[in-house]
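Please read them with the structure open.

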Amino acid sequence: MESTQGPDGSQRGVELLRRVLAGSGVDPARADTSWTAPGGTDPGPSPVPGGPSASPAPGPAAGSAAPGVAASGGGAFAAQDGFDGPDGPSGPDGSGGHDDPLRHVVRIPARPGRPADWPDWTPEPLRTAWAARGVTRPWSHQAHGAELVHGGADVVVATGTASGKSLVYQLPVLAGLAEDPRATALYLAPTKALAADQLRALDGLAPDGVRPAAFDGDTPMDERDWVRRHCRWVFSNPDMLHRSLLPRHGRWTTFLRRLRYVVVDECHTYRGVFGSHVALLLRRLLRLAARYGARPVVVLASATVARPAEFASRLTGRDVVAVTEDGSPHAGRTVAFWEPPLLADITGDNGAPVRRSAGSEVARMLADLVLEDARTLAFVRSRRAAELTALGARRQVADVAPELAGRIAAYRGGYLPEERRALEADLMSGELVGVATTNALELGVDISGLDAVVQAGFPGTRASFWQQAGRAGRAADEALVVLVARDDPLDTYLVHHPASLIGAPVESCVLNPVNPYVLAPQLACAAAEMPLTTVDVEEIFGGAPAVEVLDALVEEGVLRRRPHGWFWPDTGDAPAAHVDIRGSGLGQVAVVEAATGRMLGTVDGGSAPGTIHAGAVYLHRGDSYVVDRLDLDDGVALVHAEDPDWRTEAQSVSDVTVLEVLEHRRHGPVRVCFGATTVTSQVVAYRRRTPDGTVLDQTPLDLPPQSLDTRSVWYTIDPEAIAAAGIDEARLPGALHAAEHAAIGLLPLFAICDRWDIGGLSTALHPDTGLPTVFVHDGHPGGAGLAERGHAVLGRWLAATRAAVRDCECRTGCPSCVQSPKCGNGNNPLDKAGAVQVLDLVLAALGPAVAE
């Protein structure tokens, strides 16, 4: 929304980076060896695996660029593997070698906003209400998106952080509800907190008679009745829609008959198994609305992701138009990519080197920036890390300027609401200068205009990276953003290849609405709401895969088949109450404090052996517990309170059986496949590690094997090609194993997921293929679309994997490239050089597939 945006003549970001460099013993002049993102000086086109091509950067239709980064044809943004900018890998002063933790500096110039006129159908009271909030005109993408929605199109708006996506749906929905006093609307958010924030944003904005209200688990029963009968814009979440509204749709007849708009906010969070459930949940909603004579317009808001229209269409089952050209203004930023140096006196598995921890680096940077009077947020990965980072920064500041130590604090979940509000107020007022925080300050709290943001590790997605980075930046002052790499292959890749982060989006939200483990319970819920017809199955729920699942449900006695469709037996028990849309379908294990009998929480049954085995450290609301016993038969884990100075990692062994090859292609000596597999895994031990990564010991476990029917992507290599590449028989297992580990670490670059959502297996001779084989598989029953995504982008994925392994400065392999924290074989054998040879061989065979 229109505001004043001054020219970015500031060097504030570079000045702050000089201070950080000086505090690390690095020549501050290195801050000036930056290269510039699109919209500034073009560093020259050159292809990057996983990043933009050498041709001009894609326009908005191809994918939305990062906030503050022009994505027009004004020049390509790319860099060769290992390229540190326009001056080469060492910079103009010859620094920047492996002893220098600063890998890249990117200047993102400020971007002015592009205002537009209000659509001519905008009611005057709405213009007046927004003007009272300082919004005199909408930004171009807001006006464009609102026009599409008003015209009846299903729309997804996928623009940058703080770009005002809410107005894209607020304007047409409020105008539509004002125009038709009988119309209704439904807003869905992934969390109750976000829905509450959006509901508060309508105070003083909603026209008389609209009366928006929340309908969630916290809504009292008497208020629920009022909402159902009188509310015209209901703010809820998928869980409430699934468990309450749809099973009781007969009580919502009037609301559904008049339903004109459905808003799906933060839709990029609906991915994997949860996203697959929500996709079918939305189909259930739209089917019932049609039954009552309504066809609501669907409006989705998303962070910047690859192919938002394709994703939104898969989520809703409708054709969706994407709005990606961001017309909002953004401050300039200096983005530094930092790789902590290797430690000489600490080693990890098999003597591998270990880097200085990202947390200690961030604590020192936070102290340096506070001493510079720069208002700074330091984002860390855990509540414990937030406390330790703040404590470390305070100690360092106290040695230099004791009066400033009290202006540093931690912010995390688990604090009382009044404590959080006080910290937020102190940060916004400037009373607090430095705050170490979990992602609790990433969303929901309106804090921006800071001087710097430091991140202890890549937060998992580009959306989160920019959400956090967007907290820094004022209208006239350039801000500093520093990404400090953790000991992780993905972090290693990003700090060496920033074009994959700063350039066009490479991540995709993946989901699988025809996953039989998701389809079965959702089809049962749909049949209980209203009998399923063959037309429903064919046009709404996926066709042949759904018929196969329905036949199985009939055979099991869950549903009944009649000539006109499938029916739920009237047992008086709705199936929705027993379907967990956020779980894997393998049930839940209760975590119980043994001394008191108090249930602390639940853990998904599929992940329980690896996370709450006997001896595991379990964190709950900032408190630490150690597991005494895990009983999978009874679904309970008994724990006691303890705060050890070590963490645990489960070790497992696995096997993969190929059930069906769904897709395959041959590239000379390499065959690439995607298909159905059974993964048998068993947690066999756990290791205790100190905070610096040192392994204390390994303890065996006796847990039953688990079987998982899922989807996998795999490739095989002819032995003759392996021999020709110079990899002998003795080295082959370690080479394949290292390539598998690295590939698992890099897949989250192309599909929004965590490395713990996927697994893998490598073998020099697999019984089902008869060849050397590398598998990467989904960690969810039926698959969540992750392996399928890997198959679709195999060339780019493996090119990024090769670059991450090759660019890591260790000699024989470390956690930053080929070692895995969950390897059941103790990261043995691993052959780093052999992994590069294997990946070179596969990529050479794939040829043009690298550019997929």
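1. With which residue does Arg19 form a salt bridge? The partner is Asp368, and the closest N and O atoms are 3.6 Å apart. This is a predicted model. Arg19 belongs to helix α1 (residues 12-23) and Asp368 to helix α11, so the bridge ties together parts 349 residues apart in sequence. Arg19 is partly exposed, at 24% relative accessible area, whereas Asp368 is buried, at 8%. The structure holds 38 salt bridges.

2. Another salt bridge joins the side chains of Arg111 and Asp326, at 3.5 Å from N to O. This pair links distant parts of the chain, 215 residues apart. Arg111 sits in the loop between β2 (102-108) and α2 (124-132), and Asp326 in the loop between β9 (321-323) and β10 (333-338). Arg111 counts as buried at 13% relative accessibility, and Asp326 counts as buried at 9%.

3. Within helix α11, Arg364 and Glu361 lie three residues apart, about one turn of the helix. An α-helix has 3.6 residues a turn, so residues three or four places apart point the same way. The two side chains meet in a salt bridge of 2.8 Å, N to O. Arg364 is buried, with a relative accessible area of 13%; Glu361 is buried, with 0%.

4. Lys165, in helix α4 (residues 165-179), is buried but has no salt bridge. Its nearest side chain of opposite charge is that of Glu266, 6.1 Å away. A polar atom of the Lys165 side chain does lie 3.2 Å from the backbone oxygen of Thr159. Leaving aside residues up to four places away in sequence, Lys165 touches Val157, Thr159, Gly160, Ala301 and Ser302.

5. Helix α12 (residues 383-400) has 18 residues, which at 1.5 Å a residue should span 26 Å; the end C-alpha atoms are 27 Å apart, which agrees. The helix has these buried residues: Ala386, Thr389, Ala390, Gly392, Ala393 and Val397. They cover an arc of only 165 degrees around the axis, so they are on the same side of α12. That buried set packs against α11 (358-371), β14 (408-411) and β15 (434-437). Arg395 and Asp399, on the other side of α12, are exposed.

Notes
Residues numbered from 1 in each chain as written. Predicted model: local features only at pLDDT ≥ 70, side-chain atom pairs only at ≥ 80, totals over all residues. Heavy atoms only, no water. Helix = DSSP H or I, 4+ residues; strand = E, 2+ residues; numbered from the N terminus. Buried < 20%, exposed > 50% of the residue type's maximum accessible area, 1.4 Å probe, protein only. Lys, Arg positive; Asp, Glu negative; His and termini not counted. Salt bridge = Lys/Arg side-chain N within 4 Å of Asp/Glu carboxyl O. Polar contact = N/O pair within 3.5 Å; in protein donor to acceptor, adjacent residues only side chain to side chain. Contact = heavy atoms within 4.5 Å. Expected span 1.5 Å × (residues − 1). Arc of directions from axis to C-beta.
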